[in-house]
Amino acid sequence: MPKPADISTKRLISLAPNNWVKWVTQIPDIIAGEILNSEFQWISRESDVLIRVESQEYGKFLVLNELQLRYNPEMPRRMRAYAGLAEEKYKLPTYPVLINILKTSDVEIPTKYESNIAGLQVRQDYRVINLWEVDVSIAFEQPLPSLLPFVPILQGGGNESTIREALRLLQRDEQLNQLETVLAFFATFVIDSAIVQQIMRWDMTVLRSSPWYQEIMREDRLSSIELTLEVKFGNEGLNFMSQISQISDIEELKAIQRSILIAQNLDELKQLLED
């Protein structure tokens, strides 16, 4: 039985960085160099993966990879901030890429940030890759081992035979076999959990302990809390979300939702949250 592992985005991309940057930029002669530190001094946020690259046509530059489990409407502003901070820190132009993993709606996802104040304009373009629009054959043919765990949610990948093939490739490579947990997690979105257990041949408790599962449960709970606040207290209740969204513990979020349900007014809710 495979052990649960904290599979980071950096680990996934580092499996085949050259093929990855060629795919996300569509620049055929690009060569991946060092995966850089993406912690920035002025914000307590770490961009997912920042790679120094080089090509004959464009010279040296950075590829900023921002992976989102679900698209957030704040991402255009964030992409502008991350690109600017990366350029300031490393003194290189930046090619930002936003990769969305799970589809949440049919609303078109913007590919740029724009603002205009008193005639001063700001614009930040970035490439958007929605994994549900990516043909599953790319994971097997290029090859892109970083995409193998996402096979079930790629276009054409939501069937048992394709998932089994992805699992076979993961299991035969010591560097990849810990990614079975991630593959199983995304497989539960497209096929029955019982079939996932049969394919993987291990108990679902392994899946539930994975960081991917924990993160999506947290996001679902936060969405439920936000809706409860809005229904019960209106827009004023939503002011608490900035504080609540900093919490990662699922059980604590459950307790907060119970507090919202029993609170009679905003002052009482504030006191319950402080307690």
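Visitor: Does F185 count as buried or exposed?
Guide: The model is predicted, so local features need pLDDT of at least 70 and side-chain atom pairs pLDDT 80 or more, while totals for chains, interfaces and linings use all residues. Buried means under 20% relative accessible area, exposed over 50%, and partly exposed in between (1.4 Å probe, protein chains only). F185 has 2% relative accessibility, so F185 counts as buried.

Visitor: What is the relative accessible area of F186?
Guide: Residues are numbered from 1 along each chain as its sequence is written, and side-chain values use heavy atoms, with hydrogens and water left out. F186 is buried because its relative accessible area is 0%.

Visitor: How many aromatic pairs are found in the whole structure?
Guide: Rings of Phe, Tyr and Trp (its six-membered ring) pair if their centres lie within 6.5 Å; planes under 30 degrees apart are stacked, over 60 edge-to-face, and the rest tilted. A search of the whole structure gives a count of 6.

Visitor: Which residues do ring pairs link into a cluster with F185?
Guide: F185 forms an edge-to-face pair with F186, at 4.9 Å centre to centre and 70° between the planes. Ring pairs extend the cluster, and F185 is linked with F150, F186 and F189.

Visitor: Which residues is L102 in contact with, leaving aside neighbours within four places in sequence?
Guide: L102 lies in strand β4 (residues 94-102). Its relative accessible area is 7%, so L102 is buried. Contact means heavy atoms within 4.5 Å. Leaving aside those neighbours, the partners of L102 are L69, R70, W132, I153, F186, F189 and I216.

Visitor: What separates the C-alpha atoms of L102 and F150?
Guide: F150 belongs to the ring cluster with F185, F186 and F189. L102 and F150 are 48 residues apart along the chain, and their C-alpha atoms are separated by 9.9 Å.

Visitor: At what angle do α5 and α7 pack?
Guide: Two packed helices are described by the angle between their axes and the distance between the axes. Axes are lines fitted to C-alpha atoms, for helices over the stretch in contact, and angles run from 0 to 180 degrees between N-to-C directions. Helix α5 (residues 160-171) and helix α7 (residues 193-200) have axes 11 Å apart, at an angle of about 35°.

Visitor: Which residues in α7 meet α5?
Guide: The α5 side of this contact is E160, I163, R164 and L167. Facing them in α7 are I195, I199 and M200.

Visitor: Is K91 buried or exposed?
Guide: K91 lies in the loop between α3 (75-90) and β4. Phi of K91 is positive, about 55°, although K91 is not a glycine. The relative accessible area is 62%, so K91 is exposed.

Notes: Helices (H or I, at least four residues) and strands (E, at least two) are DSSP runs, numbered from the N terminus.
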